Amino acid sequence: MKKWLKIQEEINKCKECGKNFDSSIGFIEGEKPEYFFIGMNPWVKEHVFINGRGITILRKKMQEYKISYCFDNVVKCQIPQKTFFKKAAPKCLHFLLTQLFIIRPKYLITFGSDVNIFLGLHFDATSFSQVHNAGTYSKYFPSSIYKIYSVPHFSSILYPSAVFSEKKYYNELYKIIK
């Protein structure tokens with residue numbers, strides 16, 4: 001995927017935020033990813049999204065189902081504060097849109113309300129029951145995207161007041177990817 005490597009180079013050179021944060025690009029598993037998972041950024045919630053247990057569990061399930069997929073975040077640099085997301089995300093949006101147009105997935109799965117709000121999706125990501133026809137958003141995303149799912153962020157299961165147990169969270173997520 002030459003185009004994917006080229007966007008990686010551009011992300012690595014980016015200094016839009018004025019700091020020398022480590023940049024991070026997601027990964028692709030498989031030849032033509034059908035699913036594109038989008039998180040907030042690689043630093044938020046103690047690395048739960050990119051480097052944590054949640055992503056490891058989900059990767060194993062995707063491999064078990066033999067489904068090709070891509071993971072990435074709205075913000076590409078490892079910024080230390082969630083509040084910085086609002087400043088950095090607009091500067092990274094063109095990278096994410098380029099990635100979506102390179103991959104042209106069928107399904108877009110967003111993790112957390114912050115991602116949805118930023119992308120202009122206006123979905124409340126507190127349940128798994130929301131499935132959205134992507135046609136409404138086709139002016140922003142590639143026409144290949146058939147459905148958009150908004151799900152709670154992996155970190156939502158870490159809190160004592162969590163609506164979902166860890167087991168229920170993953171069972172609900174697996175229903176989407178089957």
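**Reading the model**

Modeller: Arg104 is partly exposed, with a relative accessible area of 37%. Buried means under 20% relative accessible area, exposed over 50%, and partly exposed in between, with a 1.4 Å probe and protein chains only. This is a predicted model, in which local features need pLDDT of at least 70 and side-chain atom pairs count only at pLDDT 80 or more, while totals for chains, interfaces and linings use all residues. Residues are numbered from 1 along each chain as its sequence is written, and side-chain values use heavy atoms, with hydrogens and water left out.

Biologist: How many helices and strands are there in the protein?

Modeller: Helices (H or I, at least four residues) and strands (E, at least two) are DSSP runs, numbered from the N terminus. The protein has 5 helices and 6 strands, and from the N terminus on they run α-β-β-α-β-α-β-α-β-β-α. Of its 178 residues, 50% count as buried.

Biologist: Where does Arg104 lie, and what is its phi?

Modeller: Most residues other than glycine have a negative phi. Arg104, in the loop between α3 (85-103) and β4 (107-111), has a positive phi near 50°. Lys66 also has a positive phi, near 55°, and is found in the loop between α2 (53-64) and β3 (69-73). Lys66 is exposed, with a relative accessible area of 74%.

Biologist: Where does α3 bend, and which residues of α3 are buried?

Modeller: The bend at a residue is the angle between axes fitted to the seven residues ending there and the seven starting there. In α3 there is a bend of about 45° at Cys92. An α-helix has 3.6 residues a turn, so residues three or four places apart point the same way. The buried residues of α3 include Phe85, Ala88, Ala89, Cys92, Phe95, Leu96 and Gln99. Leu100, Ile102 and Ile103 of α3 are buried as well. Their cover includes the helices α1 (2-13) and α4 (113-118), together with the strands β1 (27-29), β2 (35-39), β3 and β4.

Biologist: How many residues of β4 are buried, and which way do they point?

Modeller: β4 is mostly covered, with 5 of its 5 residues buried. Tyr107, Ile109 and Phe111 point one way from the strand, and Leu108 and Thr110 point the other way.

Biologist: In which sense do β2 and β4 pair?

Modeller: Two strands pair if DSSP finds at least two bridges between them. β2 and β4 pair in the parallel sense over 4 bridges, with Tyr35 opposite Tyr107. β4 also pairs in the parallel sense with β6 (residues 147-151), over 5 bridges, and there Phe111 stands opposite Val151.

Biologist: At what angle do the axes of α2 and α5 cross?

Modeller: Two packed helices are described by the angle between their axes and the distance between the axes. The axes of α2 and α5 (residues 166-177) come within 11 Å and cross at roughly 40°. The contact (heavy atoms within 4.5 Å) is made by Arg53, Gly54, Ile57, Leu58, Lys61 and Met62 of α2 and by Glu166, Tyr170, Leu173, Tyr174 and Ile177 of α5. Axes are lines fitted to C-alpha atoms, for helices over the stretch in contact, and angles run from 0 to 180 degrees between N-to-C directions. Angles under 35 degrees count as roughly parallel, over 145 as roughly antiparallel, 65 to 115 as roughly perpendicular and the rest as oblique. α2 and α5 are therefore oblique to each other.
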